[in-house]
Amino acid sequence: MPAPLIPVNSLVRHIAPLKTVLSADAASVIDSGYYVLGPGVAEFERAFAAYCGTAECIGVANGTDALELALKSVGVGVGDRVAVAANAAMYGTTAILACGAIPVFVDVDSVDALLDVALLAETLGTGAIKAAIVTHLYGRLARFDGIVELCRSRGVAIVEDCAQAHGARSSGRVAGSFGDVAAFSFYPTKNLGALGDGGAIVTSNAEVGQRARQLRQYGWTAKYTNTHVGGRNSRLDEIQARMLLTMLPLLDGWNARRRDIANRYSNEIRNTSIAVPASASEEYVAHLYVAHCERRDALRTHLEGLGVQTDIHYPVPDHRQPCHRGAYDHVDLPVTEKLATTALTLPCFPELTDEEVERVIDACNRF
Ligand SMILES: *Cc1c(COP(=O)(O)O)cnc(C)c1O
């Protein structure tokens, strides 16, 4: 009999132990008569801002809206140029395009796939750039020292994309507190995930926070007074907020378990044809564990044959997506393009058992 499949992720395993408490959360919201932007959202906003070490949190409908409204709240508008990496599944680029702004793609580091600071500096030298989206890809903190200094000296706003990095930290500072404003997603598969869509913007800049709060609700400055252009309806539900409040205290434990699994892979996968990320400390919350292999598709088939499911994050870089209709055909991002052909995501989620982790390691070592 073949060994049972090891999934890349399992929300059933993740949520099942919480069924009773989450059901009680849902019931309390049903009884309350408040369903959107009520006291549960306000309570979650306070708790999540405190967790991130920011002054404010603004709950929104999803992570892509959070990025779009974060960009707009730092002043990005039609025709503005925004620097962004092209290896994060179009999320940042979609938000830039939704602002009527122009993505300016920057290549990434060949080892950790994070924004290349020297290339960002080059890009900022090519003409006015209004903002930079900095993604903590796969849950690993970007190189903030260099990026903050660079952007501040040129008046470029920093928008952190923390959708994969809830709780990643360095020297006591948590993802979301490094830039001018940050976006989070609570899509169910994220390190902190709701049972539906959800997102948040965090910032310590009062003006940016107020603007984000107004933009999430039609651009209102008072009820039925639409002051700002670019307003949206993007609100967080009470049910999701209450469930997120229940799960927030569990986040650091989940992240620690993810990181332990990732570090086991990094230390114990010993196969010269598989490049693994360096083992890591608190700066990595192992949202995705991505290895690289020149014979990626063959490795994928091999692992599948041994009951190990894999995925590819991400197969098509932003500048090669069909929606641009060739507008970026001249853009050359050699590292981004190369990594898209070698990346392979191994199973990594808190409920993976030690025995499964060992099977994944053994299967990789047998390639
Ligand atoms: C998931 C994700 C988003 C988008 O979040 P949604 O809630 O799905 O809109 C943005 N950026 C990154 C890096 C993500 O992983």
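The model shown is predicted: local features need pLDDT of at least 70, side-chain atom pairs count only at pLDDT 80 or more, and totals for chains, interfaces and linings use all residues. Residues are numbered from 1 along each chain as its sequence is written, and side-chain values use heavy atoms, without hydrogens and water.

**View 1. Side chains and ligand atoms.** In the side chain of D161, an N or O atom is 2.7 Å from a nitrogen atom of the ligand. For Q164, a side-chain N or O atom is 2.8 Å from a ligand oxygen atom. K190 has a polar side-chain atom 2.7 Å from an oxygen atom of the ligand. Taken alone the ligand exposes 380 Å², and the protein buries 93% of that (areas come from the Shrake-Rupley method with a 1.4 Å probe).

**View 2. Helices α6 and α7.** The axes of α6 (residues 117-124) and α7 (residues 144-153) come within 10 Å and cross at roughly 10°. Axes are lines fitted to C-alpha atoms, for helices over the stretch in contact, with angles from 0 to 180 degrees between N-to-C directions; helices are DSSP runs (H or I, at least four residues), numbered from the N terminus. The two helices are therefore roughly parallel (angles under 35 degrees).

Terms used:
Parallel < 35°, antiparallel > 145°, perpendicular 65-115°, else oblique. Polar contact = N/O pair within 3.5 Å; in protein donor to acceptor, adjacent residues only side chain to side chain.
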